[in-house]
Structures are given as C-alpha cells and as structure tokens.
Amino acid sequence: MIEKSWAQHFAAEWIAAWNAHNLERVFSHYRDDFDMQSPLIVELMGVANGTLRARVPSGPIGRKHWPRTPRFASKLHCVLLGVNSIAIYYRSMPKSRMVAEVLTFGDDLQIVSGSALYA
C-alpha cells in the first residue's frame with residue numbers, strides 16, 4: 001500500500017519536474033517500458049489511440065523523437081491514494097483546466113502505467 005506522505009512528496013516532485021520543463025527529471029519517475037494514455041498523446045504526437053508504450057526517451061536519439069513539451073505550469077490540488085497507484089489532481093495552466101493523472105507503480109516505486117483525464 002502506498003503511504004500518504006510518500007504520495008504527497010512524489011506528487012510535489014512530479015509537478016515540480018514538469019513545471020521545470022526538464023524531461024530527464026520527469027522521466028526519472030518512469031520505467032523504460034511504461035504505458036501511458038492521454039488525450040495529449042493524440043493531440044501532440046498524432047497517436048490515434050492515445051496510448052504510448054515503452055517510449056521513455058533515452059539519450060539524444062530518443063529525445064529527438066519526443067515532442068517538445070509545451071510551456072505550461074501546473075498547481076497541485078490533491079493526491080488520492082490507491083494500493084499501488086495514486087491520482088495526482090492538479091490545475092494545468094495556461095488553459096486552466098483540471099487534470100487527474102492516475103499513476104500505477106511497480107515494486108520499485110517507478111511508474112509502470114498511467115492515464116490522464118481532463119476536465
């Protein structure tokens with residue numbers, strides 16, 4: 001079971017990494033073979049089913065194929081706990097919309113899968 005203090009610390013660091021626009025820092029939280037579903041994968045990468053599998057950018061070649069992250073900032077609202085997952089609920093700017101990212105962790109506390117939901 002994921003502990004509340006760990007989840008809150010993780011969520012704060014995860015938001016800070018995205019707000020810093022630092023992909024190395026962001027992807028340090030993910031396994032190399034993670035799965036992610038998001039409407040932004042459709043919008044930014046043109047992947048019709050919105051699913052990204054095993055695509056952590058590693059080295060210059062991997063990063064070359066990852067789209068530039070849009071300049072945005074997010075503000076953490078709250079963290080919801082699960083057994084091996086958390087939901088990070090935050091406000092994404094500049095569109096000022098609420099987002100819930102449900103992240104599932106492996107035994108190593110690295111993200112193995114995620115799903116983003118937008119209001």
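**Figure 1. The order of elements in the predicted model.** From the N terminus on, the chain of this predicted model runs α-α-β-α-β-α-β-β-β-β. That comes to four helices and six strands. The chain has 119 residues, and 37% of them count as buried.

**Figure 2. Helix H1 from end to end.** H1 covers residues 4–19. How far apart are the end C-alpha atoms of H1? They are 22 Å apart. At 1.5 Å a residue, the 16 residues of H1 should span 22 Å, so the two values agree. Just after H1 comes His 21, whose phi is positive, about 55°.

**Figure 3. The two sides of helix H1.** Seen here are the buried residues of H1: Ala 7, Phe 10, Ala 11, Trp 14, Ile 15, Ala 17 and Trp 18. Around the axis they cover an arc of only 160°, which puts them on the same side of H1. Ser 5 and His 9 lie on the other side of H1, and both are exposed. An α-helix has 3.6 residues a turn, so residues three or four places apart point the same way.

**Figure 4. What covers the buried residues of H1.** The cover includes one helix, H2 (23–27). Strand E1 (30–37) and strand E3 (73–81) also contribute. So do strand E4 (85–93), strand E5 (97–105) and strand E6 (111–118).

Figure 5. The whole structure holds eight aromatic pairs. One of them joins Trp 6 and Phe 10: the ring centres are 5.1 Å apart and the planes meet at 25°, so the pair is stacked. Planes under 30 degrees apart count as stacked. Both residues lie in H1, four residues apart, or about one turn of the helix. Phe 10 is buried, at 6%. Ring pairs also bring in Phe 105, linking Trp 6, Phe 10 and Phe 105 into a cluster.

**Figure 6. A tilted ring pair, Phe 27 and Tyr 30.** The rings of Phe 27 and Tyr 30 sit 5.5 Å apart, centre to centre. Their planes are at 55°, and the pair is tilted. Both residues are buried.

**Figure 7. The E4–E5 hairpin.** Strands E4 and E5 run antiparallel, joined by eight bridges. Ile 86 stands opposite Leu 103 in E5. Three residues lie between the two strands of this hairpin. Ser 96, in the turn, has a positive phi of about 50°.

Figure 8. How many bridges join E5 to E6? There are seven, and the two strands run antiparallel. Val 99 has Tyr 118 in E6 as its bridge partner. Five residues separate E5 from E6 in the hairpin. Leu 109 sits in the turn, with a positive phi of about 60°. In a regular strand the side chains alternate between the two faces of the sheet.

How values were computed: Residues are numbered from 1 along each chain as its sequence is written. This is a predicted model: local features need pLDDT of at least 70, side-chain atom pairs count only at pLDDT 80 or more; totals for chains, interfaces and linings use all residues. Side-chain values use heavy atoms; hydrogens and water are left out. Buried means under 20% relative accessible area, exposed over 50%, partly exposed in between (1.4 Å probe, protein chains only). Rings of Phe, Tyr and Trp (its six-membered ring) pair if their centres lie within 6.5 Å; planes under 30 degrees apart count as stacked, over 60 as edge-to-face and the rest as tilted. The expected span of a helix is 1.5 Å times one less than its number of residues. The arc is that of the directions from the helix axis to the C-beta atoms. Contact means heavy atoms within 4.5 Å. Two strands pair if DSSP finds at least two bridges between them.
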